[in-house]
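Please read it with the coordinates open.

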Amino acid sequence: MSLILDDTAEAFLTAANPEQSPLLAEMTEYGNEQGFPIVGPDVGQFLRVTARLAGAKRVFEFGSGFGYSAAWFLGALPADGDIVLTDYDEGNLADARGFLSRAGHDTRIHYEAGDAMETFERHDGPFDIILIDHNKSMYVDAFEDAREDLAPGGVVVADNMMAGPVEPEHVTAALRGEDPVDEHTDAIASYIEHVRDDPEFETAFVPLGEGVAVSVKTD
Ligand SMILES: C[S@@+](CC[C@H](N)C(=O)[O-])C[C@H]1O[C@@H](n2cnc3c(N)ncnc32)[C@H](O)[C@@H]1O
């Protein structure tokens, strides 16, 4: 169930989007059953199309969980591409390995347990797409790290702009100058202002899933 869209819009997306592969459908069900905060199929399809638009070969994820968002990216990456999955939790990455080994793609997959920010330091860029979906208080720092290692025309996508650990009304109020109601709202509003005001990026906010920010490097 969407936390943002009304029933009409949600029904439209379910009817209009392509059917998920059996593996993705299984992963979606697994995430929902476990109550795991996956991006969901609407954002997954959006990530895949974004990767195609960017002609992406190399992807880095800050926060991969059990590999759900990575599974969507994989469908758009070439055999000579690569994707770096990061997570604090080794069990999540073991699950990711199990699922993604069945995806039937030759793209190189790196599974990196530990802090995503430290892992990023160890991997040379440039990356074509960087997904930010880990600790909300680290979003701005992750973006600043990402900008240094982003290919020209590269894209940073950040999740949870409107929902999940935040409520859309709270983020809106904070953006209008009210005191943030909590640290998550503060972190997300700060991220939005940060990317919106960056002269080297063009950013759009897309109310799919829990709301994503898409920032394209313009030079
Ligand atoms: C929202 S989930 C990621 C979901 C994933 N992108 C998807 O849609 O399939 C966030 C994940 O980030 C991990 N995480 C949080 N902070 C982290 C950090 N600093 N370094 C690495 N992983 C982190 C958590 O363990 C959790 O599995």
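Predicted model: local features only at pLDDT ≥ 70, side-chain atom pairs only at ≥ 80, totals over all residues.

1. As background, strands of a sheet pair through backbone hydrogen bonds, either parallel or antiparallel.

2. On the S5 side, strand S4 (residues 127-132) is again in a parallel arrangement, with 5 bridges linking it to strand S5 (residues 150-158). Within this pairing, Ile130 lies opposite Val156 of S5, while the bridge partner of Leu131 in S5 is Val157. Strand S4 is also mostly covered, for 6 of its 6 residues are buried.

3. These pairings belong to an open sheet of 7 strands, whose order reads S3-S2-S1-S4-S5-S7-S6 and whose pairing is mixed. The edges are formed by strand S3 (108-113) and strand S6 (201-206), each of which pairs on one side only. From one strand to the next, the twist averages 15°.

4. Helix H7 (residues 139-148) packs on this sheet, and the strands that it touches are strand S1 (58-62), S4, S5, S6 and strand S7 (212-217). The direction of H7 makes about 165° with that of S5.

5. Which residues of H7 are buried? They are Tyr139, Ala142, Phe143, Ala146 and Arg147. Because these residues cover an arc of only 135° around the axis, they fall on the same side of H7. A reader inspecting the helix may wish to view the buried set, which includes Arg147 as well as Phe143, together with the strands that H7 contacts.

6. A separate point concerns the second largest pocket, which has a volume of about 430 Å³. Its lining consists of 26 residues, and those closest to the pocket centre are Gly63, Ser64, Asp87, Asp133 and His134. Helix H4 (68-74) and strand S2 (82-87) each contribute at least two residues to the lining of this pocket.

Terms used:
Residues numbered from 1 in each chain as written. Heavy atoms only, no water. Pairing = 2+ DSSP bridges. Helix = DSSP H or I, 4+ residues; strand = E, 2+ residues; numbered from the N terminus. Axes fitted to C-alpha atoms, helices over the stretch in contact; angles between N-to-C directions. Contact = heavy atoms within 4.5 Å. Buried < 20%, exposed > 50% of the residue type's maximum accessible area, 1.4 Å probe, protein only. Arc of directions from axis to C-beta. 1 Å grid on protein atoms, 1.4 Å probe; cavity = no way out; pocket = protein on both sides within 12 Å on 5 of 7 lines; lining within 4 Å. Points joined across faces, edges and corners; volume = space filled by probe spheres on them.
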